[in-house]
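Please open the model in your viewer and keep the selection panel at hand.

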Amino acid sequence: MTKKLPKPPVRPRRKVDLETIFERLNHHGRGYDEVFLKSVYDFTEEKHRDQKRKSGEPYVTHPIYVAYLLADLKFDETCVAVGLLHDVLEDTLTTKSVLEKEFGKDVAELVDGVTKISKTEYVRRDELQAETFRKMILASARDLRVILVKLADRLHNMMTLEHMSPEAKRRIAGETLEIYSPIASRLGMSRVQGDLEDLAFYFRYPRQFGELDTKVRDKMRSARGLLQRIARRLKDALDAADIDAEISYRVKRYYSIFRKLQRQGIDISQLYDFLAFRIITHDLKDTYAAFGVVHQNWRPIPGRFKDYIAMPKPNLYQSLHTTVVGGKGQPFEVQIRTREMDTIAEEGIAAHWQYKSAGSSQGSNDRNILWLRQLLEWQKEVKDPREFLSALKIDLYPDEVYVFSPKGDVSSFPRGATPLDFAYHIHTDVGHQCTGARVNGKLVPLKTPLANGDMVEIITSPQRRPSRDWLNIVATSRARSKIRHWLNTQQKEEAQAIGRKIMERELRKLRLQPKKVLAGPKLEEYLQREGLSKLDDLYYRLAYGRVSYRQVLDALLDEQQLETPPAPEPPGPIRRAVDRVTGAGPLIIKGHGDLMASLAKCCRPVPGDDLMGYVTRGRGITVHSLECPNLKTLSFDESRLIEVEWARQPSSGQFFPVSLTLETEDQKGMLARLTEVIAKEGSNIRQFEADTETGRGLITFVVEVRNRKHLDRMCTAFESLEGVIRVMREMRSSVRSSSRRK
């Protein structure tokens, strides 16, 4: 019998209206113009009057609740107004000019920044999503209120996600964990971050959430007496030391516990430090005094002390953290900070939200938006919105290390960053010319991961140039984008030189002077007709076979000049292949007609996957899924990427192999239950391998599916089984041989 899933961890209030919003603004001491907000409210209600949400409620309940969340988060009147209006450009016929006329340019710009880019027939979903995020980040760097409204919008959508389809729940929850939760973290909004993560966990892994909820409640019932004893002892010890402080305790967030269980490969029965005590002091000196009291009364666990007061996180979070062991061997975490630090930790940007004047944006030195400005600065050379989104995910990576320069300056990097990332952090030229590094005074390879507290010194040489291998070394988007830009520039210059040689050689064969022909008026007309801005762009196309020299000659020369027949066209650096249909069914190579194409074995694309082709010299197009990790290393040369899409859905009898790895509990009959799911979904097993370690099972299947929807249904069915921890689609290489394979 299937256990009933608990209610979502965060649910909206039953009723929210304009008066509730006013009450929140008053409660937080935020001034507002009641007439202005009433007019915005009436406008929103009118525009969404005939629209309904998936739940059947009037659509206007959504923008009203978003505005309420913004008021509850202590943001200003303009933020609340934009929350009310945030969907009118996207979901009604209202235009930006109408908004500007009704409510001013400031409000219109903010609403436009929140609005998704319109869907068109020629843009794939992933590209549309990436471009929307790029637009949002760009607008947020000018005015942070754009991203604040978007976070409130996403939070209410997550609160009401139960009315969406299972596929939509998985996709939206995954997007929330990848993008929105880390953004809230970077802005220091831990309450919003925790709500988003727990809701995404609930909808992405419902069975695992239910199991964890049951086990945590059981542990809390048995630990309640212990918690109260620890709290009393802590209070007595602080009073004896004459430290005035508030003490509270709580269970850590469910998603935080879930990630820790996954990371350590343990069951919740083996997790002890799921409890956290918080001590709020009145001044800074008492925080360190309270820390000493804690260590005098309980034994600290080595290596678990963190001083975020002396070294704040990039989102301005400050606190002392330590983990100690109680009298009965029960570990627990203690966080110690001042009231001001606690407010900033919970509310982040809302705790010190200020404007120089009404409607003005934050100062350029505001540390809360500095990372947004840096991201945009680093991404100026990146034209592909998908690459921008990939860089955004890297910059939102939550685990960070702090390292020092020889002068003592502190810099933070994502975990896994190397001295090469540090070099590009200093300056682009320092990165390009980096030959080595000293970490803590010792020479180390450039690929050495940096650790907390490392002192890094970069060694440079003017003769040094970036290498393609560096893309596999760096972990930051700044370093990766700078290396790619340099490699692309070099590749482009080489291609232009090849194209120039091809053109000049063919003109000399016709006994014509290249300079004279290429300076004529026909060339300018040809470039304009082909949408090329300069001659070098034509050379580039020639080198890669995107246009033949014969086509160019026909456009530039008259019949008399062409009387001398040109030699046969040599293959360019990338040879065009012809007329082949893949075993996967017809593919459309955008703008190029039929080319030889084959599906990549590393990611095994299936119909419904978004695709990207990679031009391989002499072998045509290798087609990858956009989710394929190999595209990250291939995309350093953007000129060899080519748009590909499925021409049509294959026939109902056509199947495609997909590799899935399932992490499961080591239970009897698990394999039988899994194979039963595969059979019920109308699929077939081509091969499998299984292994067990530390009470967990890892089972890899290669199964046949018709399309992406078929695959998603099967994954959802797997995840609903008791004992299945997670399901992963493998995108590396084909399954290795194994004696356990069936």
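What follows is a walk through a predicted model, going from a helix to the nonpolar cores, then to another helix and a sheet.

Begin by selecting helix H3, residues 61-72, and check its length with a distance between the end C-alpha atoms. At 1.5 Å a residue, its twelve residues should span 16 Å, and the end C-alpha atoms are 16 Å apart, which agrees. Eleven of the twelve residues are buried, so H3 is largely enclosed by the rest of the structure; among the buried ones are His-62, Pro-63, Tyr-65, Tyr-68 and Asp-72. Before leaving, look at Lys-74, which follows H3 and has a positive phi, near 75°.

Next, turn to the largest nonpolar core, which has 101 residues, and select those with the most contacts inside it: Ile-21, Leu-85, Leu-99, Met-158, Met-189 and Ile-279. Helix H12, residues 206-240, supplies the largest share of this core, namely eleven residues. Another core, of 24 residues, lies apart from it, and includes Val-401, Val-456, Val-474 and Ala-475. In soluble globular proteins, nonpolar side chains tend to be buried together.

Now centre the view on Met-158. Leaving aside residues up to four places away in sequence, Met-158 touches Ile-172, Ala-173, Thr-176, Leu-196, Leu-199, Ala-200 and Phe-203.

Which residues of helix H15 (residues 339-347) are buried? Selecting the helix, you will find Met-341, Asp-342, Ile-344, Ala-345 and Glu-347 in that class. Their cover includes helix H11 (190-204), strand E2 (275-281), helix H14 (284-297) and strand E6 (331-338). Just after H15, Gly-348 takes a positive phi of about 60°.

For the last stop, display the open sheet of three strands, in which the order is E10-E9-E11 and the pairing is antiparallel. Strand E10 (442-444) and strand E11 (456-460) are the edge strands, each pairing on one side only, and the twist from one strand to the next averages 35°. Strand E9, residues 434-439, is joined to E11 by five bridges, the two running antiparallel; to look at one bridge, select Ala-437 together with Ile-458, its bridge partner in E11.

Notes:
Residues numbered from 1 in each chain as written. Predicted model: local features only at pLDDT ≥ 70, side-chain atom pairs only at ≥ 80, totals over all residues. Heavy atoms only, no water. Buried < 20%, exposed > 50% of the residue type's maximum accessible area, 1.4 Å probe, protein only. Helix = DSSP H or I, 4+ residues; strand = E, 2+ residues; numbered from the N terminus. Contact = heavy atoms within 4.5 Å. Core = buried A, V, L, I, M, F, W, Y, C linked by side-chain atoms within 4.5 Å. Pairing = 2+ DSSP bridges. Axes fitted to C-alpha atoms, helices over the stretch in contact; angles between N-to-C directions. Expected span 1.5 Å × (residues − 1).
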